[in-house]
Amino acid sequence: RIPFTIDQLLLRGSILRNTEWVIGVVLYTGHQTKVMLNSTNAKAKRSQVEREMNTQILFVFAIQITMCFIASVLHRIWWEENHTNATYL
């Protein structure tokens, strides 16, 4: 029997090179280990100003789309009524 020590440990993601063969044991230590907890992507940090600005930009974009739609409908109505009288167009 050979005990496992830190000298025989290969952490997740490590690469073993320059060897022809290996005898190994896989140990599952769970999701609460330091290696597993550090392997997750960090949450993006945004300030309150950035979040507020994003909502305001979306609001302005929605207003612009609405105004374009209303202007196109009004232009179509005007065109149907006045296109024969507007010889300059």
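User: Hi! How many salt bridges does the count come to?
Analyst: The count comes to 1 salt bridge, taken as a side-chain nitrogen of Lys or Arg within 4 Å of a carboxyl oxygen of Asp or Glu. Keep in mind that this is a predicted model, where local features need pLDDT of at least 70, side-chain atom pairs count only at pLDDT 80 or more, and totals for chains, interfaces and linings use all residues. Residues are numbered from 1 along each chain as its sequence is written, and side-chain values use heavy atoms, with hydrogens and water left out.

User: Which residue forms a salt bridge with Glu-80?
Analyst: That's Arg-76, with the closest N and O atoms 3.0 Å apart. Both Arg-76 and Glu-80 belong to helix α2, 4 residues apart, about one turn of the helix. Helices here are DSSP runs of H or I, at least four residues, numbered from the N terminus.

User: And why does Glu-80 count as partly exposed?
Analyst: Because its relative accessibility is 46%; buried means under 20% relative accessible area, exposed over 50%, and partly exposed in between, with a 1.4 Å probe and protein chains only.

User: Switching topic: which residues make the nonpolar surface patch?
Analyst: Phe-69, Ile-70, Val-73, Leu-74 and Ile-77 make it, about 480 Å² in all. Patch residues have over 30% relative accessible area and no salt bridge, and nonpolar side chains (Val, Leu, Ile, Met, Phe, Trp, Tyr) are joined within 5 Å, like charges within 9 Å. Of these, Ile-77 sits in helix α2 and is partly exposed, at 44% relative accessibility.

User: How does the lining divide into nonpolar, polar and charged?
Analyst: It has 13 nonpolar residues, 6 polar and 1 charged.

User: What about phi of Asn-18?
Analyst: Phi there is near 60°, a positive value in a residue other than glycine. Asn-18 lies in the segment before α1 and is exposed, with a relative accessible area of 84%.

User: Last one: where is Ala-44?
Analyst: Ala-44 is in the loop between α1 (34–38) and α2 (48–82), and its 66% relative accessibility makes it exposed. From Trp-21 it is 23 residues away in sequence and 42 Å in space, C-alpha to C-alpha.

Note on methods. Helix = DSSP H or I, 4+ residues; strand = E, 2+ residues; numbered from the N terminus. Areas by Shrake-Rupley, 256 points an atom, 1.4 Å probe, with all protein chains shown as cover. Nonpolar A, V, L, I, M, F, W, Y, C, P; charged D, E, K, R; others polar.
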